[in-house]
Amino acid sequence: MMGGAAWGLLLISCMMADRTVVAPPQIPGATYVGTKECTHCHEEETGHFATATHAKLAIADAKVGNTGCEACHGPGSLHVKAGGGKGTIINPKKSPEACFQCHLDKRGQFALPNTHNIYNGNMSCSDCHDPHAGNAIKGTGASIEAENETCTKCHTAEKGPFIFAHNAMKEGCTACHNPHGSVNAKMLVARDANLCLRCHLEVSAAGTLMAGSEDHRSRLNSSTCWGQGCHEAVHGSNISKPLRY
Amino acid sequence: MKANLLLLRAAGLVAGAALMLATVRAADSDSFPTFASNYITIGGSGSPVSGSSAAFQRYTQQSVNGVGGIQDFNFNYDLSKNLNVDVNGKVLAGQGDYLADVKLTQTDFGTFEAGYKRFRTFYDDIGGFFPTNNIWLPISRRPLYVDRGKFFVDATLTLPNAPVFTFKYSNETRTGTKDTTIWGDSDLTGVPISSLSSRNFFPANRKILPAYLQLNERQETWEATMSKTFGNTNVLLSVGGDRIKNIDTRNIDRYVGELKPYPAIPSNPPSIIPNNFANNPNTGFDQQGTDESGYTVGGRVETTLTDQVTLYANLNYRHASADIAAARLIAGPMLTAVGLVSPVGSFTSGGRSVYSYTSTGKIKEDIVTGNIGVQYKPVPDLYLDAALRGEDNKVTGNNQATYVANYVVQATGVVTPLTYSAPQSLDNREKPWTPAVDVRYTGIRTVSLYGTWEYRSTSQDEKNGYSSIGPAGTAQAVSAEADATHIKEHHQNATVGANWSPVAMFNARAELFVKDHENRFSGFGANNLGDLYNLNYDIKGAKLSAILHALPQLTFTTRYIVQRGKAQVQDALGTITAGDSRSYTLGETVDWNPTKSTYVQANVNLVYDTIISSYPQVSGLATTVLHNADNNYWDGNVILGYAVDKSMDLQLGATYYKADNYNAALAAFTLPYGAGEQESTVTVGLKYKVDVKTVISAKVGYLNRTNDTTGGYTNFRGPAAYVSVEHAF
């Protein structure tokens with residue numbers, strides 16, 4: 001593949017135009033104007049930015065680079081000159097590339113086979129993260145929201161409450177799922193019984209593999225803990241204490 | 001840049017939203033036009049791949065039958081001096097992707113927006129692959145998908161010198177069929193089965209039968225707010241409600257293609273049992289329904305006392321009640337002296353009935369949540385936010401189940417229906433408190449320092465009434481228990497970090513994080529071993545990033561994340577390290593402009609991720625049951641963009657992904673789950689400017705995906721093509 005790309009570069013190098021191009025999501029020809037310029041029109045977004053997670057990266061010396069609005073939205077001179085407008089500024093809501101500039105690991109995770117699709121314009125990073133105020137990971141700290149609301153606002157069937165709760169839900173959905181992407185189906189952090197045994201493993205002196213009062217060695221031969229006939233209702237059950245639905 | 005793209009997934013045909021449009025931006029006067037308003041993009045794509053079409057759709061999230069239509073549409077018009085209308089739309093037939101959105105904006109009055117959007121997520125209907133006899137048991141093997149739809153209204157009233165009013169309403173649906181990882185049992189694995197169970201050192205049974213879930217979900221939400229600033233104080237009041245109606249149905253298929261003979265194969269003398277004689281099939285469904293109504297009232301006050309001090313407080317109250325209902329009806333066919341019978345919940349003497357029931361119940365919740373905090377800036381370079389969050393969460397519920405069973409006498413074929421009433425209940429009260437502190441310091445010219453700390457402690461009393469059935473001779477026994485569990489939780493999370501830019505060409509960031517969690521379950525009642533224990537888990541790690549502008553045209557961005565987690569269970573059996581997880585991620589991006597008309601961007605991520613639980617600790621045969629969970633992979637992509645001439649841009653792209661965690665040798669003892677797959681794509685894209693109002697884009701590529709974990713049954717490969725015309729009007 002790299003060879004093919006290099007071949008392509010060589011093939012057309014003799015006919016390149018005299019134009020400046022840059023890799024997205026940068027804005028060619030634009031220069032930094034400072035966050036103060038942004039506040040004139042975007043007070044709603046800038047008003048509480050001091051409380052935002054990303055504000056902690058702000059550096060006092062502006063000479064070393066912009067660490068305010070333009071760190072994510074790109075240099076704003078063309079946007080200001082045009083009096084606003086969509087085409088002159090980077091809108092991270094439309095493309096995750098702005099976020100991936102720093103969050104390289106998330107670019108890799110969103111490229112995995114099991115992930116939320118943020119590339120087709122129907123979902124974006126900002127559906128789950130608010131970069132303009134408060135904690136970027138909602139529901140953490142002393143914020144008024146609950147952490148799981150980020151997920152359950154769309155996945156209502158898993159929200160509960162249930163007659164028989166699974167305490168793991170209180171650890172957050174991310175205890176078992178990686179919402180950015182995983183090599184495993186359903187974005188699970190582990191595809192086998194290790195997922196559950198992290199918290200439920202008990203081992204007797206004889207070396208039996210206990211979970212609750214029963215030796216699960218032979219059961220784990222055939223399946224995950226949540227296979228049919230076992231603990232299917234992993235998010236909670238209204239009828240079964242062992243979470244069998 | 002518009003993000004409505006075809007042929008997409010980062011490790012699919014192209015890498016990232018930026019690639020599809022082959023956007024080579026130019027700063028010069030002959031640059032490509034950027035259509036921000038009043039434009040339409042019409043496009044289409046096709047992918048004549050060979051192999052599994054269901055897998056193609058799942059992994060690329062693109063219809064295998066082709067996609068076409070209006071990819072993006074915008075119409076923006078000033079109806080008057082102060083009134084603007086903005087219309088956005090999308091119609092992608094074949095993809096189930098639609099948008100119709102109208103927004104009116106009147107200066108010094110407000111906005112009104114209404115619209116409907118709908119998009120499709122593809123799934124497949126696969127189960128597990130068993131390598132010993134190369135068995136693959138698709139039940140329907142059909143492409144599946146779920147459509148999400150949303151009708152929404154969003155209005156804001158912003159009259160001068162008046163409170164700001166907002167109103168939002170949305171009606172969201174989620175319908176369709178998706179896969180699940182709750183797979184059913186099969187003995188058709190080729191592993192020998194003896195009539196003497198003592199000779200079955202390793203069971204033949206593996207759960208590899210696929211399952212699917214039919215979704216029928218609706219959620220309505222509305223919220224009205226009013227905010228007003230009085231001097232230095234801003235007040236926001238809100239009231240809202242929601243209605244959730246879900247009926248989700250899961251198919252249950254176990255031991256498909258099997259049926260025990262009657263009379264039964266004798267165990268003495270011992271004989272080998274054909275695998276399709278090992279068990280009786282189970283076929284049915286599990287349906288769970290919820291009809292929930294709730295409302296929320298709340299308010300927020302924020303007041304700036306001085307330039308240094310701002311106080312804020314929030315208070316919310318939520319009440320919701322839900323009617324719950326369920327039906328799990330599973331037929332259990334079996335042979336008798338007079339032939340086949342197939343009743344729901346069948347069982348024989350001393351056996352356990354096939355788990356079937358119907359139930360109805362009600363759950364109520366009342367939640368009061370509040371926080372109070374102060375933002376303090378004693379000097380311009382120091383920011384401190386200290387807050388306390390409290391919650392009073394009360395949930396009560398009752399459920400009445402009726403277990404459905406049928407007692408079968410195989411010698412006569414007589415079936416006797418039986419039902420058993422079994423109630424369940426919940427009374428839960430929980431009061432978590434969370435103090436949190438956020439500190440930032442920018443007093444050093446080239447460095448920002450920060451730290452966060454939060455400590456959530458919960459005291460919870462959970463009372464459950466529980467009834468269930470079990471085997472008891474010719475009937476079933478209903479057992480009941482009442483559990484009262486007291487749960488104490490202590491969750492402490494902390495981070496410290498720094499952002500350092502000594503010069504404009506270099507930036508380095510470091511963050512250390514630690515999570516120290518402890519759950520203690522104690523109480524009384526008929527609890528089993530394992531119900532009550534202490535769980536301690538600790539996670540610690542670091543995130544390191546560096547950006548080096550080595551040359552004005554060359555930038556390296558590096559990110560390294562290391563995370564280590566340990567969980568410890570303490571119970572009557574002693575104390576054991578239950579979970580030990582280790583994760584190391586290294587990412588690198590290189591941005592390079594070798595000439596002013598060319599750019600190259602390359603990304604790579606290397607991940608080592610493993611979870612260890614029982615493997616090092618159990619003994620004897622148990623060591624073979626479960627190995628470590630490895631989730632290692634690496635992926636990357638490279639794109640090259642060129643401005644060919646004033647009217648044409650060219651882009652070449654390639655992606656690669658590989659996970660090598662599949663170990664077929666584990667099949668002797670268990671089902672190998674590790675991901676073993678490889679995916680690669682190459683693309684060539686052209687973008688041609690017809691005139692200042694019209695741009696044509698085209699992209700062709702080839703993709704190849706192989707999957708060892710599914711025995712190659714989900715492989716696919718082939719070409720794909722995309723073309724679009726973007727026109728401004």
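Reply: The account below begins with the model and chain B, turns to one helix of that chain, and then treats other parts.

This is a predicted model, in which local features need pLDDT of at least 70 and side-chain atom pairs count only at pLDDT 80 or more, while totals for chains, interfaces and linings use all residues. Residues are numbered from 1 along each chain as its sequence is written, and chains are lettered from A and ligands numbered from 1 in the order in which they are written. The model scores ipTM 0.93 and pTM 0.92. For chain B the mean pLDDT (the predictor's confidence in each residue, from 0 to 100) is 91, and 94% of the residues reach 70 or more. Residues 1-29 of chain B, however, have a pLDDT below 50.

Chain B contains three helices and 37 strands; helices (H or I, at least four residues) and strands (E, at least two) are DSSP runs, numbered from the N terminus. The C-alpha trace of chain B spans about 90 × 60 × 50 Å along its principal axes. Of the 729 residues in chain B, 37% are buried. A residue is buried if 20 or more other C-beta atoms lie within 10 Å of its own, exposed if 12 or fewer, and partly exposed in between, with C-beta atoms placed from the backbone.

The buried residues are B:Ala54, B:Ala55, B:Phe56, B:Gln57, B:Arg58, B:Tyr59 and B:Thr60. What do they pack against? Their partners are strand E6 (110-123), strand E36 (694-707) and strand E37 (716-728) of chain B. Just after H2(B), B:Gln61 takes a positive phi of about 55 degrees.

Another buried residue of chain B is B:Ala659, which has 26 other C-beta atoms within 10 Å. B:Ala659 belongs to strand E34 (residues 648-660) of chain B. When neighbours within four places in sequence are set aside, B:Ala659 is in contact (C-beta atoms, placed from the backbone, within 7 Å) with residues including B:Tyr633, B:Ala675 and, from the other chain, A:Val183. B:Asn631 lies 28 residues from B:Ala659 in sequence, yet their C-alpha atoms are 7.6 Å apart in space.

The two chains meet over 164 residues of chain B and 103 residues of chain A. On the chain B side, 74 of these residues are nonpolar, 60 polar and 30 charged. Here Ala, Val, Leu, Ile, Met, Phe, Trp, Tyr, Cys and Pro count as nonpolar, Asp, Glu, Lys and Arg as charged, and the others, Gly among them, as polar.

Strand pairing can be followed elsewhere in chain B. Two strands pair if DSSP finds at least two bridges between them. Strand E15 (residues 233-254) and strand E17 (residues 282-304) of chain B run antiparallel and are joined by 22 bridges; B:Asn234 stands opposite B:Glu302 in E17(B). E17(B) also pairs in the antiparallel sense with strand E18 (residues 309-331) of chain B, over 22 bridges. There, B:Thr290 has B:Ile324 in E18(B) as its bridge partner. A hairpin of four residues connects E17(B) to E18(B).
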